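Here is a friendly walk through one protein model, taking the backbone and then the side chains. Please have a look at the structure before reading on.

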Amino acid sequence: MARFFKKRSELLGRRPGELVYIGTKVLKNTEIHEILYSGDSIEELRVAGLPQRTLDTDTPLNRWINCDGLEDIEKLSGIRDLFSIPQLTMADILNTTLRPKAEELPGGFFLSIKMLNYNAGKELVQSEQIGMIAGSHVLLTFQEHPGDVFDSVRKRLHENLGKVRKENTIYLAYSLLDSITDNYIDIMQNLAERIEKTEEMLTVSADEKVLGSIQASKKELLYLGKAVRPAREALRILLKESQPLIEEKYRIYFSDLIANMTQVIETIDLYKEICNEYLARYNGLMNDKLNETIKFLTVFSVVFLPLTLITGIYGTNFDFIPELHLRYGYLYFWLLLIGLAGVMIFIFKRKKWF
């Protein structure tokens, strides 16, 4: 499946809002993992069926319900009904081809964002869509497949480190987004190191391997920017004045996320310019090599041009060529050719033509 644009043929002929999973098919059954926590306690559950809605949204106990796998339409429809998720929002969660977005919901908000990871073996940036639905005491997250960048958040929850257990699920949502943003920065650092190694390769030799490295780096920068730019826009939408769930004390945290994403975007633009500079330098080195080759071939041709002329003259079929009857004519002929070639090479050297 294409990384930059995934096919949406499954949506053709469907009703608006119909639940259809668009993405890489990895996990057929949706796995639900629930964490119940407060400042004093924490409980972790693996849910076989649907979550039991035993907690109302006005209780002090917070819930983080994470769903791994988006192919189980029946179970996800049950979650939609259980938490009164709008049909179009649920359809957006299942359509992983959409760009990151944010919108208000009754009593909360919806946010979809790309979670990235860097495959060091393939040297590729890979993405996975994360859907978040946040209320005052409930946070739902939807992932395409197991595995994420949230282990540090889970550790802080279990060990009661920092503020995450003392705050509501809006702060938890911020913590998850912060982990995603930190991973953006880490990926950018990996790409920066890879790009700067290209400069060392350029100083050694400019070959097709260097060109491939430059072009691959530019592609990964574009892919990273494709995820980070709309994610920043989505966070800016969340911070608008009409979003009551994000209290004033939390706004500074979300503003910090936007600042970090802006830094990543500016770094992406910087390294794209560096890649363009490397590409221009590579083309310059290739032109220099081509010029050297052309210069050598030109000198070679010019040296042999008069020699070819002389050889052609004495290779004609006239009967009366005086030099043909000289005793040492053949020797004189070679001395003339060698001497003429040597004089021409000496002149070219003096003029520094090669």
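This is a predicted model: local features need pLDDT of at least 70, side-chain atom pairs count only at pLDDT 80 or more; totals for chains, interfaces and linings use all residues.

## Loops with positive phi

Ser 84 sits in the loop between helix H1 (73-82) and helix H2 (87-94); helices (H or I, at least four residues) and strands (E, at least two) are DSSP runs, numbered from the N terminus. Its phi is near 55°, a positive value in a residue other than glycine. Ser 84 is exposed, at 60% relative accessible area, where buried means under 20%, exposed over 50% and partly exposed in between (1.4 Å probe, protein chains only).

Glu 123 also deserves a look: it is not a glycine, yet it has a positive phi of about 55°. This residue lies in the loop between strand E5 (108-119) and strand E6 (124-134), and with 38% relative accessibility it counts as partly exposed.

Residues are numbered from 1 along each chain as its sequence is written, and side-chain values use heavy atoms, leaving out hydrogens and water.

The protein chain has a mean pLDDT of 85, with 92% of its residues at 70 or more; pLDDT is the predictor's confidence in each residue, from 0 to 100.

## One side of helix H3

Which residues of helix H3 (residues 151-159) are buried? They are Val 153, Arg 154 and Leu 157. Because they cover an arc of only 100° around the axis, they are on the same side of H3; the arc is that of the directions from the helix axis to the C-beta atoms.

These buried residues pack against strands E1 (31-37), E2 (42-47) and E3 (62-68), as well as E7 and H4, with contact meaning heavy atoms within 4.5 Å. Asn 160 follows H3 and has a positive phi, near 55°.

## Aromatic pairs

Rings of Phe, Tyr and Trp (its six-membered ring) pair if their centres lie within 6.5 Å; planes under 30 degrees apart count as stacked, over 60 as edge-to-face and the rest as tilted. The count comes to nine aromatic pairs. One of them is the tilted pair of Tyr 171 and Tyr 174, 5.5 Å centre to centre with 55° between the planes.

Tyr 171 and Tyr 174 are three residues apart in helix H4 (residues 169-204), so about one helical turn separates them. Tyr 171 is buried at 10% relative accessible area, and Tyr 174 is buried at 10%. Together with Tyr 250, Tyr 253 and Phe 254, they form one aromatic cluster.
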